[in-house]
Amino acid sequence: MGGTDTTVGMSLNDVARMMRRDFDRRAREQGLSRARWQVLWQLSRRQGLHQAALAEVMDLAPISLTRQLDQLEAEGLVERRPDPSDRRRRLLFLTDQAQPALERLRGLAEQTRARAFAGLEPSDIDTLIRILAAMRANLCDRPDQGD
């Protein structure tokens, strides 16, 4: 592999960190903290998860997520519903009131992507996406962890 054995991972980490910082800055200007936008974004992609599963997806301890969910629920952005298969669990859903925040997040994400992809050819971006998807699949321990 030559010089790529350490630089690929470090480059991926650097780009991901820089994109996250760019997005965070934009989100903060809109009054959205990282903890807040990550919960909203993950739930928009995975409606009906229980708290422990959402915490696992976000790589957090379930108790760490509780305060954020309580606040989002109090604001009417998230609701907890009984799990029909397990009385002890509650499933998490976004409410219609969360849609304006999600629309803002989508716009901010597009601005960050535009900055990151500036000067790249569309075919290069397509190749990058294809390669990253293949790498993710190679490293995924479970099929449901693909995203």
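My entries follow, sorted by topic.

**Ground rules**

I am working from a predicted model, where local features need pLDDT of at least 70, side-chain atom pairs count only at pLDDT 80 or more, and totals for chains, interfaces and linings use all residues. I number residues from 1 along each chain as its sequence is written, and my side-chain values use heavy atoms, with hydrogens and water left out.

**Helix packing**

I describe two packed helices by the angle between their axes and the distance between the axes. My axes are lines fitted to C-alpha atoms, for helices over the stretch in contact, with angles from 0 to 180 degrees between N-to-C directions. Helices (H or I, at least four residues) and strands (E, at least two) are DSSP runs, numbered from the N terminus.

I looked up helix 2 (residues 34-45) against helix 5 (residues 99-117) and got an angle of about 100 degrees, with the axes 10 Å apart. That makes helix 2 roughly perpendicular to helix 5; the label covers 65 to 115 degrees, with under 35 roughly parallel, over 145 roughly antiparallel and the rest oblique. For the contact (heavy atoms within 4.5 Å), I noted W37, L40, W41 and S44 from helix 2, and A101, L102, L105 and R106 from helix 5. These contact residues divide into 6 nonpolar, 1 polar and 1 charged. My classes: Ala, Val, Leu, Ile, Met, Phe, Trp, Tyr, Cys and Pro are nonpolar, Asp, Glu, Lys and Arg charged, and the others, Gly among them, polar.

Next I took helix 3 (residues 51-58) and helix 4 (residues 62-74), which pack at about 105 degrees with axes 9 Å apart. Helix 3 is therefore roughly perpendicular to helix 4. On the helix 3 side I listed Q51, A52, L54, A55 and M58, and they meet P62, I63, L65, T66 and L69 of helix 4.

**Salt bridges**

How many salt bridges does the structure hold? I count 15, taking a salt bridge as a side-chain nitrogen of Lys or Arg within 4 Å of a carboxyl oxygen of Asp or Glu.

I checked R17 with D14 and found the closest N and O atoms 3.2 Å apart. The two sit 3 residues apart in helix 1 (residues 4-29), so about one helical turn separates R17 and D14. R17 is partly exposed at 28% relative accessible area, and D14 is partly exposed at 32%. (Buried is under 20%, exposed over 50%, partly exposed in between, with a 1.4 Å probe and protein chains only.)

E29 bridges to R25 at 3.3 Å between the closest N and O atoms. Both lie in helix 1, 4 residues apart, about one turn. E29 is exposed at 58%, while R25 is partly exposed at 33%.

I also looked up R89 with D83, a salt bridge at 3.3 Å, N to O. Is D83 buried or exposed? D83 is buried, at 8%, and R89 is partly exposed, at 31%. Shared partners join D22, R25, R26, E29 and R115 into one network of salt bridges.

**Strands**

I call two strands paired if DSSP finds at least two bridges between them. Strand 1 (residues 49-50) runs antiparallel to strand 3 (residues 86-94) over 2 bridges, with H50 partnered by L91 of strand 3. Strand 2 (residues 78-83) is joined to strand 3 by 6 bridges, also antiparallel. E79 stands opposite F93 in strand 3, and a hairpin joins strand 2 to strand 3 through 2 residues.
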